[in-house]
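Have the sequence and the 3D view ready as you read.

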Amino acid sequence: MIKEISKLIANYASEIPEETIASLIEIPPNSTMGDYALPCFPLAKIYHKNSTNIAEDIKQYIDSANIPFIDKTEVFNGYLNIFVQRNYYIKIVLEQIMNETYISRSIGRNQTICID
């Protein structure tokens, strides 16, 4: 998800490499603050704007783009908090699990399995 989010933000902030944006993305200490957070303080130096204003600009960009895997975005104290659409995320994880080589074997075929 970080790769997808950083790619999306890099479309907005084209002066900043996608890898740099990915390195800035954090997982908040509390889930009420989002699934991912982008601190906009480093971007303030590049754009010569307040970090909260940059976060608001990116929020507007993401919200207007109607990205299917993003549920909502919030700005708080210079951070852009990103909430991921749970159903989309679950689908991606299950697809990745099903594509793993140990799942493709015939062991357990036609049996019920439990994934925790």
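Over how many bridges do β1 and strand β3 pair? β1 and strand β3 (residues 79-84) pair over four bridges, in the antiparallel sense. Two strands count as paired if DSSP finds at least two bridges between them. Within this pairing, Ala37 stands opposite Asn81 in β3.

Before going further, a word on the model: it is predicted, so local features need pLDDT of at least 70 and side-chain atom pairs count only at pLDDT 80 or more, while totals for chains, interfaces and linings use all residues. Residues are numbered from 1 along each chain as its sequence is written, and side-chain values use heavy atoms, leaving out hydrogens and water.

Now for the whole sheet. It is open, with three strands in the order β1-β3-β2 and antiparallel pairing. β1 (36-39) and β2 (70-76) stand at the edges with a single partner strand each, so one side of each has no neighbour in the sheet. From one strand to the next, the twist averages 20°. Helix α1 packs on this sheet, touching β1, β2 and β3, and its direction makes about 40° with that of β1. Here, contact means heavy atoms within 4.5 Å, and angles run from 0 to 180 degrees between N-to-C directions, with axes fitted as lines to C-alpha atoms, for helices over the stretch in contact.

Helix α1 also has a helical partner. The axes of α1 (residues 2-12) and α4 (residues 51-65) come within 10 Å and cross at roughly 110°. The two helices are therefore roughly perpendicular to each other, a label used for angles of 65 to 115 degrees. Leu8, Ile9, Asn11 and Tyr12 in α1 meet Asp57, Ile58, Tyr61 and Ile62 in α4. The residues of this contact divide into six nonpolar, one polar and one charged; Ala, Val, Leu, Ile, Met, Phe, Trp, Tyr, Cys and Pro count as nonpolar, Asp, Glu, Lys and Arg as charged, and the others, Gly among them, as polar.

Stepping back, the protein has six helices and three strands, following the pattern α-α-β-α-α-β-β-α-α along the sequence. These are DSSP runs numbered from the N terminus: helices are H or I of at least four residues, strands E of at least two. The C-alpha trace spans about 60 × 30 × 25 Å along its principal axes. Finally, buried residues, those under 20% relative accessible area with a 1.4 Å probe and protein chains only, make up 33% of the 116 residues.

Definitions and conventions
Parallel < 35°, antiparallel > 145°, perpendicular 65-115°, else oblique. Buried < 20%, exposed > 50% of the residue type's maximum accessible area, 1.4 Å probe, protein only.
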